[in-house]
Amino acid sequence: KIADDREAVTYNVALALHETCTNIIEHAYQGRGGRIQIRIVLEKLPCRIIIDLVDSGEAFDWAFVEAPDLDTPQEGNYGLFLVTTLMDEVVYKREGETNHWRLAKRV
């Protein structure tokens, strides 16, 4: 049972990281390319994984993101929904010319 939970947590964290990076590439950098700094920390108490991402792409405004209609299948716009559903904490802030994302998950 514990191994199954670990595999599920690992998969969920990897998917959330992938979706966040995909959104940065597609929206912040608008497909033009750019750098994403990623720092991963495993905290002991409380036991959690923290992923910090920093990019210098366009600013993001959470207010304009609509939740997907889960009753009507669509091809896209699930990324941020997945990230916020899979992780325990998702924080975004703009500092100067950079975007900062923090994803955290209890492990």
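## Ground rules

Residues count from 1 along each chain as its sequence is written, and side-chain values use heavy atoms, without hydrogens or water. As the model is predicted, local features need pLDDT of at least 70 and side-chain atom pairs 80 or more, while totals for chains, interfaces and linings use all residues.

## The largest pocket

Let's start with the open space: the largest pocket holds about 680 Å³. A pocket here is an open set of points on a 1 Å grid over the protein atoms alone, where a 1.4 Å probe fits, with protein on both sides within 12 Å along at least five of seven lines. Its 29 lining residues (an atom within 4 Å of a point) include N23, H27, F60, V65 and L80, the closest to its centre.

Helix α1 (2–28) is among the elements that supply at least two lining residues, alongside α2 (79–86) and β4 (98–106); α1 gives the most, with eight. Helices are DSSP runs of H or I with at least four residues, and strands are runs of E with at least two.

D55, in strand β2 (residues 48–55), is buried (under 20% relative accessible area) yet has no salt bridge. That term requires a side-chain nitrogen of Lys or Arg within 4 Å of a carboxyl oxygen of Asp or Glu, and the nearest side chain of opposite charge, R94, is 5.3 Å away.

What joins the side chains of D55 and N99? A polar contact of 2.7 Å does, the term being a pair of N or O atoms within 3.5 Å, within protein one able to donate a hydrogen and the other to accept it, with residues adjacent in sequence counted only if both atoms are side-chain atoms. N99 sits in strand β4 and is buried at 1% relative accessibility.

G57 meets both side chains through its backbone: the nitrogen lies 2.8 Å from a polar atom of D55, and the oxygen lies 3.3 Å from one of N99.

Conventions:
Grid points are joined across faces, edges and corners, and a volume is the space filled by probe spheres set on the points. Buried means under 20% relative accessible area, exposed over 50%, partly exposed in between (1.4 Å probe, protein chains only). Lys and Arg count as positive and Asp and Glu as negative; His and the chain ends are not counted.
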